[in-house]
Amino acid sequence: MKRLIVLYFRLISIQVRSQMQYRFSFWMEVLSTMLLNGSYFLALYLVLQQFETIAGWRLGEVAFLAGMVELSFALMDMFFSGFDPDAFSPFVWKGSFDQLLLRPLPITFQVLSSRFVLRRLGRIMEGLVIFIFALILTDVPWSALKIVYLFMVLISQVIVYGALFMVGSTLTFWTVKPIEAVNIVTYGGTEMMTYPMNIYPLWLRRFFTYILPFIFMNYYPALFFLGKADPLGFPVFAPFLAPFAALVVMFLSFKFWKFGLRHYQGTGS
Amino acid sequence: MVKIFWRLVWVSLRQQTTYRAAMLAGLVTNLFFGVLRLALMQALYKDQGAVNGLDLGGAITYIGISQSLIAFLFIFGSNDFMKSVSSGEIATDLLKPVRLFTLWMARDLGRGLVNLFTRGVLFMVIFQFFYPLVWPVSVGQVLVFVFSLTISWLLSFAWRFLVNLAAFWTPDAIGVGRAAFALSQFFSGFILPLRLFPEWTQTIFNLTPFPSMVNTPIDIWIGLISGTEIWLAIGIQLIWLLLLVWLCQVTVRAGVRHLVIQGG
């Protein structure tokens, strides 16, 4: 285990160094990613000046939702880069996945350490800026326990998104090319979580409650932190389901990944 | 020349129609995000009348149309030209008896037209079953909309072509494109209708060609501008078009002189 951790940092540091080769172009990219991802929130910020609230949520409160999602999704996108279906699928169709299978190291470890996209820092910074903005605009009575739980929610989100990437990649064992529907769930799902979930049509909310428990990952914890009433009438423990939901989703995804590995046949290339 | 142009459009159109599954997937994605964007709009307009002349019905229609035009106007950008420079494919394109600008315009139009029907018209047909959309009230309005949208497409093509030309000078044109297309997305009124923004931001937007790419035709469709305002808006579109096409010509000439094809 210790050996693996050392190796992980070795492999990641190689990636980081190679990506930092062209410093100027690297920081330009970080900056443009920051602006690109931030432009949607900026647009909302400007437009909210004419509307005041989104279904009773003020700017700072929406920023709380958006900051959490941006931050955790970007973190996930950095650490789980190897499992990004768009990056993983070439392993399958080029046949280089077979090479990984021959190496004497756990396969999940190899995929995780195969790619580390440092320029995601841009989105991480963007998420941080929005979140700090939220903290300034809202006055949450923070306590040590709340801060601990905030980090737990953040990590839970990272785990859930990572699990989806894993499922998306596993599916390419059969489909070879990444599936668009997975993108709808990951990118669409995170887009949904950027806003108060009660604004969405019922069928959509049901899907993201019972099939994929996204509603418990960001919306309910935010209700708790911001001290807002629950308009949907869920049990009082709903804001605290995030870590459990994350573990269940990750467990199932990991099982599916293992199942896929057992049935992997290669493309013959 | 005209015959070659349409021939090229036809070839590109045939190419695009080959990927049926991708087209369907694209349509489904557009629909899904359309639902999300509309939910946000409805939430914003809750207990709120018209803002700057745009009421909920108009806003819903605005989001619907802008969403349906994503694939036709390539709102998120395109980078095929850049790729042809970095792969060296451009060498064979330069041998063809067609200008680079015309060649890529034909390719773009072929793909765009397929997208316009499979992801634009179809999108609106499906959407009108679920949302109360605003429709043009006269044949004249429809014709003006089509005319304005045609210029929008030309503008959008010229802008994307210009951005892609960066590949002549930098190996990192993808990064340049990412920033440039983020800018045009924001300023064009794709993300949210421009008239919902504060006045001072609208002044900035109007100094750029981007509102002419998305906001103008949609304003015409919804009936937010009428009479002489329409002709003024179309005049502005045309002026930007001339300017951008001219910039493309100058830049492409300088770029081809600068180009070194690597390997082969």
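Guide: In this predicted model, helix H8 (residues 139-164) of chain B packs against helix H12 (residues 228-258) of chain B at an angle of about 25°, and the two axes lie 9 Å apart. Angles under 35 degrees count as roughly parallel, and therefore H8(B) and H12(B) are described as roughly parallel to each other. Their crossing is left-handed.

If you now look at the residues that make this contact, H8(B) contributes, among others, Val144(B), Phe147(B), Ile151(B), Leu154(B), Trp159(B) and Leu162(B). From H12(B) the partners include Ile230(B), Ile234(B), Trp240(B), Leu244(B), Cys248(B) and Thr251(B). Sorted by class, the contact between H8(B) and H12(B) has 18 nonpolar and 3 polar residues, with no charged residues. Ser148(B) of H8(B) and Gln237(B) of H12(B) also belong to the contact.

The axes of helix H4 (residues 85-94) of chain A and helix H8 (residues 144-175) of chain A come within 9 Å and cross at roughly 25°, which makes H4(A) roughly parallel to H8(A). Here, however, the crossing is right-handed. On the H4(A) side you will find Pro85(A), Phe88(A), Ser89(A) and Val92(A), and these meet Phe165(A), Gly168(A), Ser169(A), Thr172(A) and Phe173(A) in H8(A). By class, this contact has 5 nonpolar and 4 polar residues, and again no charged residues.

Stepping back to chain A as a whole, you can count 12 helices and 0 strands. Its C-alpha atoms fill a box of roughly 55 × 45 × 35 Å along the principal axes, and its radius of gyration of 20 Å agrees with the value near 18 Å that a compact globule of 269 residues would have. Of those 269 residues, 37% count as buried.

Finally, the two chains meet each other, with 27 residues of chain A in contact with 25 residues of chain B. On the chain A side, helix H2 (23-51) and helix H9 (180-193) are the elements that give two or more residues, and the largest share, 14 residues, comes from H2(A). That side of chain A has 17 nonpolar, 7 polar and 3 charged residues.

Key:
Residues are numbered from 1 along each chain as its sequence is written. Chains are lettered from A and ligands numbered from 1 in the order in which they are written. This is a predicted model: local features need pLDDT of at least 70, side-chain atom pairs count only at pLDDT 80 or more; totals for chains, interfaces and linings use all residues. Two residues are in contact if their C-beta atoms, placed from the backbone, lie within 7 Å. Helices (H or I, at least four residues) and strands (E, at least two) are DSSP runs, numbered from the N terminus. Ala, Val, Leu, Ile, Met, Phe, Trp, Tyr, Cys and Pro count as nonpolar, Asp, Glu, Lys and Arg as charged, and the others, Gly among them, as polar. The radius of gyration is taken over C-alpha atoms; the globule rule is 2.2 Å times the number of residues to the power 0.38. A residue is buried if 20 or more other C-beta atoms lie within 10 Å of its own, exposed if 12 or fewer, and partly exposed in between; C-beta atoms are placed from the backbone. Axes are lines fitted to C-alpha atoms, for helices over the stretch in contact, and angles run from 0 to 180 degrees between N-to-C directions. Angles under 35 degrees count as roughly parallel, over 145 as roughly antiparallel, 65 to 115 as roughly perpendicular and the rest as oblique. A crossing is left-handed if the near helix is turned anticlockwise from the far one by less than a right angle, and right-handed if clockwise.
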